[in-house]
Amino acid sequence: MDLTATVTGSETESTTGASTGEGSTAPTGTEGPIPSPRSCAEVLIASPGAADGEYTLYADGDPARPWQAWCSQMDKEPAEYLILPMSGDGINFSQYVSGDTTVRTMYSRVRVDPHSFLVEIGDQTFARSTGQAMAGTIVVASLAYAVAMDSTGHLPEHLGLGNIDLRGTPFTVSSTTQWSVFGFNADGSAAPSSDDQVVDLQVAGASGYIVPTAVDPGCPCNAWGGSLLQLAYTL
């Protein structure tokens, strides 16, 4: 199945919370950095005035367990985002197909709790969306991370697709049993690969969706989300 289908409609992008460019290194000139900060808040405590940017954080404060985070809103309430090195067509995206229209949301960073490593899948601060379609009475302009939707009813073809790709990070998806399929006449699956660092999602149905929760969201789109995707530090 083609994971690089052409999308239609307008394109929107949100990158609020970053005051420096993509791929920048940790800000310089900070004072008294602590050896193994677990969170962006700890970075800020050790280095008052630290700017938004890329920092090395450490799982459980263990110097042997580093990971690269983008610290956002450092002048307000610091927030951690896992940087996703893998990008391109068919990588780190969620897709909804309705008729001949495709909505696709592509992620370059995802909001993550630095202690539990739960991903807030609805945070689209560092996401870009294309297309717009209807799901019943709902106008779908974007989708949460780690989901897929299809309302074409073209069984057995699965047109709702999604992808999680954590290669280049020390994280894996802890279990593909996190996903549930909902909707009318729906069928879907979550297929892991690359030692559980990659998960490919697919779903089909007259109104079907696959989501990393056992609770039916109705539509995993637009502002819907929650701390629902569990990652595991494996290196």
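This tour moves through the structure one selection at a time, stating what is found at each stop.

The model is predicted, so local features require pLDDT of at least 70 and side-chain atom pairs count only at pLDDT 80 or more, whereas totals for chains, interfaces and linings use all residues. Residues are numbered from 1 along each chain as its sequence is written, and side-chain values use heavy atoms, with hydrogens and water left out.

**Stop 1: Tyr233**

Select Tyr233, which is found in strand 19 (residues 227-233); strands are DSSP runs of E with at least two residues, numbered from the N terminus. Tyr233 has 13% relative accessibility and counts as buried. Buried means under 20% relative accessible area, exposed over 50%, and partly exposed in between, computed with a 1.4 Å probe on protein chains only.

Next, display the residues around Tyr233. Not counting residues up to four places away in sequence, Tyr233 touches Ala59, Ala64, Arg65, Pro66, Trp67, Pro170 and Phe171, a contact being heavy atoms within 4.5 Å. Two backbone oxygens deserve a distance label. The side chain of Tyr233 reaches the backbone oxygen of Arg65 at 3.5 Å, and a polar atom of the Tyr233 side chain lies 2.7 Å from the backbone oxygen of Pro66. The term polar contact refers to a pair of N or O atoms within 3.5 Å; within protein, one must be able to donate a hydrogen and the other to accept it, and residues adjacent in sequence count only if both atoms are side-chain atoms.

**Stop 2**

The C-alpha atoms of Tyr233 and Phe117 are separated by 8.1 Å, although the two residues are 116 apart along the chain.

The structure holds seven aromatic pairs. Rings of Phe, Tyr and Trp (its six-membered ring) pair if their centres lie within 6.5 Å; planes under 30 degrees apart count as stacked, over 60 as edge-to-face and the rest as tilted. Select Tyr107 and Tyr145, whose ring centres are 5.0 Å apart with planes at 65°, so this pair is edge-to-face. The pair links distant parts of the chain, 38 residues apart: Tyr107 is in strand 6 (residues 101-107), and Tyr145 is in the loop between strand 11 (138-140) and strand 12 (148-150). Both Tyr107 and Tyr145 are buried.

Phe117 is buried with a relative accessible area of 6%, and Phe171 is buried with 1%.

**Stop 3: the nonpolar cores**

Which residues of the largest nonpolar core touch the most other members? Among its 50 residues, they are Tyr145, Trp179 and Leu229. A nonpolar core is a set of buried Ala, Val, Leu, Ile, Met, Phe, Trp, Tyr and Cys residues joined through side-chain atoms within 4.5 Å. Centre the view on Leu229: its contacts, not counting residues up to four places away in sequence, include Phe117, Tyr145, Ile164, Val173, Trp179 and Pro212. A second, separate core of five residues includes Trp70, Ala79, Tyr81 and Ile83.

**Stop 4: charged side chains**

A search of the whole structure finds four salt bridges, each a side-chain nitrogen of Lys or Arg within 4 Å of a carboxyl oxygen of Asp or Glu. Select Arg65 again: Arg65 forms a salt bridge with Asp60, with the closest N and O atoms 2.7 Å apart. Asp60 is exposed, at a relative accessible area of 58%.

Move to Asp165 and Arg167, whose side chains meet in a salt bridge at 2.6 Å, N to O. Asp165 is buried at 2% relative accessibility, whereas Arg167 is partly exposed at 33%. Then select Glu42 and Arg38, joined by a salt bridge at 2.5 Å, N to O. Glu42 is buried at 17% and Arg38 is partly exposed at 35%.

Two arginines lie over aromatic faces: Arg104 over Phe93, at 4.0 Å from the ring centre, and Arg109 over Phe126, at 4.5 Å. A charge sits over a ring if NZ of Lys or CZ of Arg is within 6 Å of the ring centre and within 35 degrees of the ring normal.

**Stop 5: Gly90**

Finally, select Gly90, in the loop between strand 4 (79-83) and strand 5 (93-98). Gly90 is buried, with a relative accessible area of 9%. Its C-alpha lies 6.8 Å from that of Asn163, 73 residues apart in sequence.

Technical notes: Helices (H or I, at least four residues) and strands (E, at least two) are DSSP runs, numbered from the N terminus.
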